[in-house]
Amino acid sequence: MTIALVTCSGISNTGKLTTQAAQVLLQRKPGHYVWMHAKQSAAMLKAEIGDAEQVIVIDGCTDCCAKKKLSKSCLTSHRHIIATELGIEKNGMGEVQYDEIEKVVAAVMNNGSKMP
């Protein structure tokens, strides 16, 4: 099964976190995931998602930029993960921490359930 990951990929620490989590998932399960960031046009996003059986949106915060962009492409997600709702603090241009990446990766791989 192919899963499309759509990330906000913003400039804040939580936005950068979504990109890094997607890259880790691609490395850990090659061929299982396809990834695109929400900065591209709605039409391009729709084309790149293609025949994926599931779409998982990973937003850094409750602004939900990736979810909004996906809606503009007339697609819906099967799951929506928000990093700040996993207990990760949005702190501007701060550096992403390894444990934060792991929290998001675990949320994706554990069917979106929150990690302690």
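Select Val6 and display its surroundings. Not counting residues up to four places away in sequence, Val6 touches Met36, Ala38, Leu45, Ile49, Val55, Ile56, Val57, Ile58, Ala66 and Leu70, where contact means heavy atoms within 4.5 Å. Val6 sits in strand S1; helices (H or I, at least four residues) and strands (E, at least two) are DSSP runs, numbered from the N terminus. With a relative accessibility of 0%, Val6 counts as buried. The cut-offs are under 20% relative accessible area for buried, over 50% for exposed, and in between for partly exposed (1.4 Å probe, protein chains only).

A note on what is on screen. This is a predicted model, in which local features need pLDDT of at least 70 and side-chain atom pairs count only at pLDDT 80 or more, while totals for chains, interfaces and linings use all residues. Residues are numbered from 1 along each chain as its sequence is written, and side-chain values use heavy atoms, with hydrogens and water left out.

**Helices H2 and H3**

Select residues 42–49, which are helix H2, and residues 65–72, which are helix H3. Two packed helices are described by the angle between their axes and the distance between the axes. Here the angle is about 85 degrees and the axes are 8 Å apart. Axes are lines fitted to C-alpha atoms, for helices over the stretch in contact, and angles run from 0 to 180 degrees between N-to-C directions. H2 and H3 are therefore roughly perpendicular to each other; angles under 35 degrees count as roughly parallel, over 145 as roughly antiparallel, 65 to 115 as roughly perpendicular and the rest as oblique. Show side chains at the contact: Ala42, Leu45 and Ile49 come from H2, and Lys69, Leu70 and Lys72 from H3. By class, this contact has four nonpolar residues, no polar ones and two charged ones. In this scheme Ala, Val, Leu, Ile, Met, Phe, Trp, Tyr, Cys and Pro count as nonpolar, Asp, Glu, Lys and Arg as charged, and the others, Gly among them, as polar.

**Helix H1**

Move to residues 13–28, helix H1. H1 has 16 residues and reaches 22 Å from its first C-alpha to its last, close to the expected 22 Å. The expected span is 1.5 Å times one less than the number of residues. Among the buried residues of H1 are Leu17, Ala21, Val24 and Leu25. Their cover includes S1, S2, S3 and H4.

**Helix H4**

Select residues 98–109 for helix H4, which has twelve residues. From first C-alpha to last, H4 reaches 16 Å, close to the 16 Å expected. Glu100, Ile101, Val104, Val105, Ala106, Ala107 and Val108 are buried in H4. What covers them includes S1 (3–7), H1, S2 (33–37), S3 (54–59) and S4 (79–82). Step past the helix to Asn111, which follows H4 and has a positive phi, near 60 degrees.

**Salt bridges**

How many salt bridges does the count come to? There are two, a salt bridge being a side-chain nitrogen of Lys or Arg within 4 Å of a carboxyl oxygen of Asp or Glu. Pick Glu102 and Arg28: their closest N and O atoms are 2.5 Å apart. This pair links distant parts of the chain, with Glu102 in H4 and Arg28 in H1, 74 residues apart. Glu102 is partly exposed at 22% relative accessibility, and Arg28 is partly exposed at 41%.

Next pick Lys90 and Asp63, whose side chains meet at 4.0 Å, N to O. Lys90 is in the loop between S4 and H4 and Asp63 in the loop between S3 and H3, so the pair ties together parts that are 27 residues apart in sequence.

**Loops**

Stay with Lys90 and select Thr84, which is in contact with Lys90, Thr14, Gly60, Cys61 and Thr62, leaving aside neighbours within four places in sequence. Thr84 lies in the loop between S4 and H4. The C-alpha atoms of Thr84 and Cys61 are 5.3 Å apart, although 23 residues separate them along the chain.

Two loop residues remain. Most residues other than glycine have a negative phi. Ser9 has a positive phi of about 55 degrees; look for Ser9 in the loop between S1 and H1. Ser9 is buried, at 6% relative accessibility. Cys64 also has a positive phi, near 55 degrees, and is found in the loop between S3 and H3. Cys64 is buried, with a relative accessible area of 16%.
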